[in-house]
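Work through the exercises below with the sequence and the structure in view. Try each task before reading its solution.

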Amino acid sequence: MFKFLKRDVRCDKVSNYKDQNEDFKDASALFLYFKQLTGIDFSKKEALITTKLMNFCKDRGFYTFESFLDNVRKDHYLQQELVDYLTINETYFYREFYQVEMLIQMIKKRDDKIRILCMPASSGEEPYSIAMALLEAWIPKEKFEIVGVDINAEVISRAKEAIYTSRSLYKVPSNVQEIYFRQQGTYFHLSDVVKKLVKFEVVNLFDDALFGLGKFDYIFCRNMMIYFDQETKLEAQKRVESILRDQHGRVFWGHADRLESVKKS
């Protein structure tokens, strides 16, 4: 998930906190704010995240969670930095690829142009995997449109660059690697042919900017629900399914999402 939103990490307007006593005992208000902002619940790993938050605050000149929260509520750039810091996830090409194979068979039965959404797109491996698979299946590029979105601006920037390590490609067949990647040192650069097939956006699932993306025929929303509590899962599912074009559309959930427990009866 872009290397924009860069600025001086030392915030001048809060430098006066340096001379005050540190207070990082209670991050509960900050956890609540982050959950309201992103839907992500860190209650099961509060100790670990509290330490990360403390380091994040100190690096930016804040010495209490309270002062940081006061500023992050009104500073969009600081808010995006926080989201980027806490939502970095590892992924790889051809993950749960059987679902992409199902998608190919569905598309082959259709005559219309279809739209595909990947959310979260992370650093681009999933939407690019879909694009390569469709090309390999001889589906004309004019027949599909792929959009990848993520709340994390930094990983979207990396997705647009499309430069990967061998770790991301370990499931990609060697013949496919030879066609769509150019190795340069220890890095693999994705072909422009594939890059041009995916449009990336920074979008929060719980922001109404989601609806500005339009409707989609197929949505890949995999392994995101694991970060939500039960109530948030219900709301997330409702929002995702609301942007399907019609009853013929489908959402591909991840194997770890456990949606059987949140679906309506």
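Predicted model: local features only at pLDDT ≥ 70, side-chain atom pairs only at ≥ 80, totals over all residues.

Residues are numbered from 1 along each chain as its sequence is written, and side-chain values use heavy atoms, with hydrogens and water left out.

**Exercise 1.** State how many helices and strands the chain has, and what share of its residues is buried.

Solution. Helices (H or I, at least four residues) and strands (E, at least two) are DSSP runs, numbered from the N terminus. By this rule the chain has 10 helices and eight strands. Buried means under 20% relative accessible area, exposed means over 50%, and partly exposed lies in between (1.4 Å probe, protein chains only). Of the 265 residues, 53% count as buried.

**Exercise 2.** Find the salt-bridge partner of Glu-22 and say where both residues lie.

Solution. A salt bridge is a side-chain nitrogen of Lys or Arg within 4 Å of a carboxyl oxygen of Asp or Glu. The structure holds 13 salt bridges. In one of them Glu-22 pairs with Lys-58, with 3.4 Å between the closest N and O atoms. Glu-22 lies in the segment before H1 and Lys-58 in helix H2 (residues 46-59), so the bridge ties together parts 36 residues apart in sequence. Glu-22 is partly exposed at 42% relative accessibility, and Lys-58 is partly exposed at 27%.

**Exercise 3.** Describe the salt bridge between Asp-217 and Arg-245, and decide whether each residue is buried or partly exposed.

Solution. The N to O distance in this salt bridge is 2.9 Å. Asp-217 sits in the loop between strand S6 (198-202) and strand S7 (218-221), while Arg-245 sits in the loop between helix H10 (230-242) and strand S8 (250-253), 28 residues apart. Asp-217 is buried, with a relative accessible area of 0%. Arg-245 is partly exposed, at 39%. Both belong to a network of salt bridges that also links Arg-110 and Asp-112.

**Exercise 4.** Which residues form a negative surface patch?

Solution. Asp and Glu count as negative. A patch takes residues with over 30% relative accessible area and no salt bridge, and like charges are joined within 9 Å. The negative patch is formed by Asp-23, Asp-26, Glu-46, Glu-66 and Asp-70. Asp-26 lies in the segment before helix H1 (28-38) and is exposed, with a relative accessible area of 52%.

Notes: Patch = residues over 30% accessible without salt bridge, like charges linked within 9 Å, V, L, I, M, F, W, Y side chains within 5 Å. Areas by Shrake-Rupley, 256 points an atom, 1.4 Å probe, with all protein chains shown as cover. Charge placed at Lys NZ, Arg CZ, Asp CG, Glu CD.
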